[in-house]
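Please consult the sequence and the coordinates alongside the text.

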Amino acid sequence: MSRCSVVTIGRLAADHIAALERLHTSVTVDRRCADLAELIAVAELQRADAALIIGDTAPLTASMLSGLRQCGIRVVVISDVAQERSRLSRLGARCFSDEVQAQTLAAALQGNDGATGPDAEVSASDAEPSVDEPPSLAAARGDHLAREYSGAFPEKSDPAQSDPLSAQEDPDYLDLSGNLMEMDPADAEVAAHTAAQTSQDMNPGADTDSAASGRRAPAGGLPGITVVWGPAGAPGRTTVAVNLAAELAMSNASVLLIDADAHASSVAVQLGLLEESAGLAQACRAAELGGLDADRLSQAKTTAQLQAAGHSAVLPVLTGLPRAERWAELRPRALERVLSLARSQYQHVVVDVSAGIEEDEELSFDTSAPQRNSATLTALREADQVLALGTADAVGFSRLIKACEEYRHRLPQAPQPQVIINQLRTSAVGRSPRRQLTEAWEQLAEQNQLRHFLPYDRQACDDALRTGQVLAEAAPESALRRQLAELAGIQLPGRRRLRMSRRRVAAR
């Protein structure tokens, strides 16, 4: 039997160390540490197989236990407080009361899963499903929801009926000043081809009856966690995230909007929420202490009231950090638990993140260091789909290409992003912007295809931001709003054609 090296701290009424030594087994206590910091330091040097923590367990958090497990350390806890044993069991530690028998304790330190005696607390794996390892989508939401949302990334149905920028319905887009311009025929052909290919590949069986009848189709898009990401330079991440979540909420879907931008959170400002409650930080703090559940998540969220075209909806929001200096509160392990619980509670979870995905902070430390971009990296790894936004101008387009390449190298296990060109306009690209950008992307980018083009509508965005509203409230007929609804998998009633040619206007 291989030797099991143990480091330990603390003591209660019983002398468990002496009891373990009297067994004369392979379990050997090699070091008694003065405090938790020393124990963690020894574990990081990989000089132990298990850690036995006795007595005061209040400082233990999810991040600490996760770090010990990543070092290959089995964590066993002895506490005389039942609530602490329950809390740490939910975080994945093996917990016992002070009356535990030495044989049971030795088996737990050796990692013997069969060592469950009358003294053992129910471990996290034996208790109800923990958000550490979320249940399947079917188990979390019911088989009917799993079947409804089991498809791939949802896209447009019939471009002739639903795409306001398609060649068949509305071959126009907005220029730099927000004026409607006629689309070049070459662009119209690219738009029609892109929409048709997307419809065929991603949503071949979409129902278009609701658009014809003037009703909103039920939300069938963006199931699970959708992360809106993009390179630096304000490509419109927050605007897209907020309005995607709003469109889903107004389609009577269950949706949660999360602001996980650790550099410059702005979701609360976009929605006109005056109270800076730092809802995500509250949820992460509860997750760190093993107390996150559906009730605590509900207490941390803020609700935004939406009212558009006589239809009202409530959008739950986990607001971001009011000050960027609090970024360390969004610890990776805690954020994972928040996202896992959110996925099990809501049909759709839309997450706004910052641009950076590099991990260079640890170069300045001798030990494991906090990561400023850990919130973005965690959200991208936990995502079911990622929307990568870039602007149509020369600088934004080149940044998007480089960012997607970096994404592929740094996050090979994360979902491949759906690439979206935002703020499309002729003043930045020239004639036939869709065709030019598509051809340039095919030549310069190694992977991914351009799936969507969002028109530039500065006036609508300014009106929405000034009034603290979403586009559905401030500019319900704007082309940008309709494209975002389509991106969310929602069909809006066909709009009336109110435009007339400049020649007819001049004739009047």
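Is Gln 423 buried or exposed? Gln 423 is buried, at a relative accessible area of 18%, where buried means under 20% relative accessible area, exposed over 50% and partly exposed in between (1.4 Å probe, protein chains only). The model is predicted: local features need pLDDT of at least 70, side-chain atom pairs count only at pLDDT 80 or more, and totals for chains, interfaces and linings use all residues. Residues are numbered from 1 along each chain as its sequence is written, and side-chain values use heavy atoms, with hydrogens and water left out.

**Overall architecture**

- The protein has 508 residues, of which 55% count as buried.
- Its secondary structure comprises 23 helices and 15 strands; helices (H or I, at least four residues) and strands (E, at least two) are DSSP runs, numbered from the N terminus.
- Among contacts with a separation of 6 or more, 73% join residues 24 or more positions apart, a contact being heavy atoms within 4.5 Å.

**Nonpolar cores**

- A nonpolar core is a set of buried Ala, Val, Leu, Ile, Met, Phe, Trp, Tyr and Cys residues joined through side-chain atoms within 4.5 Å.
- The largest such core holds 56 residues, and Val 227, Trp 229 and Val 351 have the most contacts inside it.
- A second, separate core of 42 residues includes Leu 222, Ala 246, Leu 273 and Ile 490.
- When neighbours within four places in sequence are left aside, the contacts of Val 227 are Val 351, Val 353, Ala 379, Leu 380, Ala 383, Gln 385, Val 386 and Leu 387.

**Cavities**

- Two cavities of 30 Å³ or more are found in a search of the whole structure. On a 1 Å grid over the protein atoms alone, a cavity is a set of points where a 1.4 Å probe fits but cannot get out, and lining residues have an atom within 4 Å of a point.
- The volume of the second largest cavity is about 40 Å³; grid points are joined across faces, edges and corners, and a volume is the space filled by probe spheres set on the points.
- Ile 401, Cys 404, Glu 405, Arg 408, Ala 445, Glu 446, Gln 447 and Asn 448 line the second largest cavity.
- This lining divides into three nonpolar, two polar and three charged residues. Ala, Val, Leu, Ile, Met, Phe, Trp, Tyr, Cys and Pro count as nonpolar, Asp, Glu, Lys and Arg as charged, and the others, Gly among them, as polar.

**Salt bridges**

- The whole structure contains 16 salt bridges, each defined as a side-chain nitrogen of Lys or Arg within 4 Å of a carboxyl oxygen of Asp or Glu.
- Arg 87 pairs with Glu 84 in a salt bridge whose closest N and O atoms are 3.0 Å apart. Both residues lie in helix H4 (residues 82–90), three residues apart, about one turn of the helix. Arg 87 is buried at 8% relative accessibility, and Glu 84 is buried at 18%.
- Arg 323 and Glu 325 form a salt bridge with the closest N and O atoms 3.2 Å apart. Arg 323 is partly exposed at 45% relative accessibility, whereas Glu 325 is exposed at 62%.
- Arg 333 and Glu 336 meet in a salt bridge of 3.0 Å, N to O. They are separated by about one helical turn because they stand three residues apart in helix H15 (residues 332–345). Glu 336 is partly exposed, with 24% relative accessibility.

**Backbone angles**

- Most residues other than glycine have a negative phi.
- His 24, which is not a glycine, has a positive phi of about 55°. His 24 lies in the loop between helix H1 (16–22) and strand E2 (27–32) and is exposed at 73% relative accessibility.
- Gln 423 also has a positive phi, near 60°, and its place is in strand E14 (residues 418–424).

**Pairs separated in sequence**

- Leu 341 lies in helix H15 and is buried at 7% relative accessibility. Leu 341 and Ala 287 are 54 residues apart in sequence, with their C-alpha atoms 9.9 Å apart in space.
- Thr 303 belongs to strand E10 (residues 302–308) and is partly exposed at 36% relative accessibility. The C-alpha atoms of Thr 303 and Leu 315 are separated by 5.4 Å, although the two residues are twelve apart along the chain.
- Beyond its neighbours within four places in sequence, Thr 303 is in contact with Leu 273, Val 314, Leu 315 and Pro 316.

Key:
1 Å grid on protein atoms, 1.4 Å probe; cavity = no way out; pocket = protein on both sides within 12 Å on 5 of 7 lines; lining within 4 Å.
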